[in-house]
Amino acid sequence: TGGLRKALKSIADFEFVCAPHAVQSEEGSFSWFYSNPSTHDRLTYNCTDTSSEDPGFPESVEFLVKHFEKLGPFDGIMAFSQGACLSSMLAAMKPSTPAFSHLSFMILFCGFQSRITKHEIYYKEPIGCVRSLHVYGKTDAVIPTDMSEKLVKSFVDPETMPHDGGHFVPSSAAVRSTCKDFLLQELRLKYGS
């Protein structure tokens, strides 16, 4: 993400937030929530799992509420993979969660709609309270393209930028330009000129 951050540093300040839950099977990896109940003392996450349980989700939302209250307000979110999935649900929570009330945009890389049944409530209505840009890889082997496209359809008037790559944040000139234009448009909409 270095090339992208460099391209946007003149118009955006970044606050990095790491997911609070350690992935027990992968040292140094973290998760916002898991897609299975504890199995043999190992919590895991797989975007293609359909589950009725979401261990860690309520704690992650509370963690973010506190973070936003302490260090916010934040105009938007830029997120990757499971973070993009969670961010879409935060957008749906915006009308009822004061900590997220200032959010007006999201740039979601390799995002997808959660398949956890408890999360269906966040996608019942189109998400129209934030503008969204969705960047995803057509050859992503982790997040199937149809899952990214399903998330896109959850938003009102989404902007999209599919690319030929896989599961990463691309930093091509086209992506940098699209993200910069999206942010500049957001600044004009929110703050004028």
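In this predicted model, strand S5 (residues 131-137) is largely enclosed by the rest of the structure, because seven of its seven residues are buried, where buried means under 20% relative accessible area. In a regular strand the side chains alternate between the two faces of the sheet. Strand S5 can be read in this way: Arg 131, Leu 133, Val 135 and Gly 137 point one way, while Ser 132, His 134 and Tyr 136 point the other way, and all of these residues are buried.

| Strand paired with S5 | Bridges and direction |
|---|---|
| S4 (residues 105-109) | five bridges, parallel |
| S6 (residues 159-163) | five bridges, parallel |

Within these pairings, Phe 109 stands opposite Val 135 of S5, and His 134 of S5 stands opposite Thr 160 in S6. To get from S5 to S6, the chain passes through helix H4 (residues 145-152), and this β-α-β crossover is right-handed.

Turning to the whole protein, there are five helices and six strands, and from the N terminus on these elements follow the order α-β-β-α-β-α-β-β-α-β-α. The radius of gyration is 16 Å, close to the 16 Å that the globule rule gives for 193 residues, so the protein is as compact as a globular protein of that length. Its C-alpha atoms fill a box of roughly 55 × 40 × 30 Å along the principal axes. Of the 193 residues, 45% count as buried, and among contacts with a separation of 6 or more, 74% come from residues 24 or more positions apart. The protein exposes about 10,000 Å², of which carbon and sulfur atoms supply 51%.

Terms used. Residues numbered from 1 in each chain as written. Predicted model: local features only at pLDDT ≥ 70, side-chain atom pairs only at ≥ 80, totals over all residues. Heavy atoms only, no water. Buried < 20%, exposed > 50% of the residue type's maximum accessible area, 1.4 Å probe, protein only. Helix = DSSP H or I, 4+ residues; strand = E, 2+ residues; numbered from the N terminus. Pairing = 2+ DSSP bridges. Right-handed = clockwise from strand over helix to strand, strands pointing away. Rg over C-alpha atoms; globule rule 2.2 N^0.38 Å. Contact = heavy atoms within 4.5 Å. Areas by Shrake-Rupley, 256 points an atom, 1.4 Å probe, with all protein chains shown as cover.
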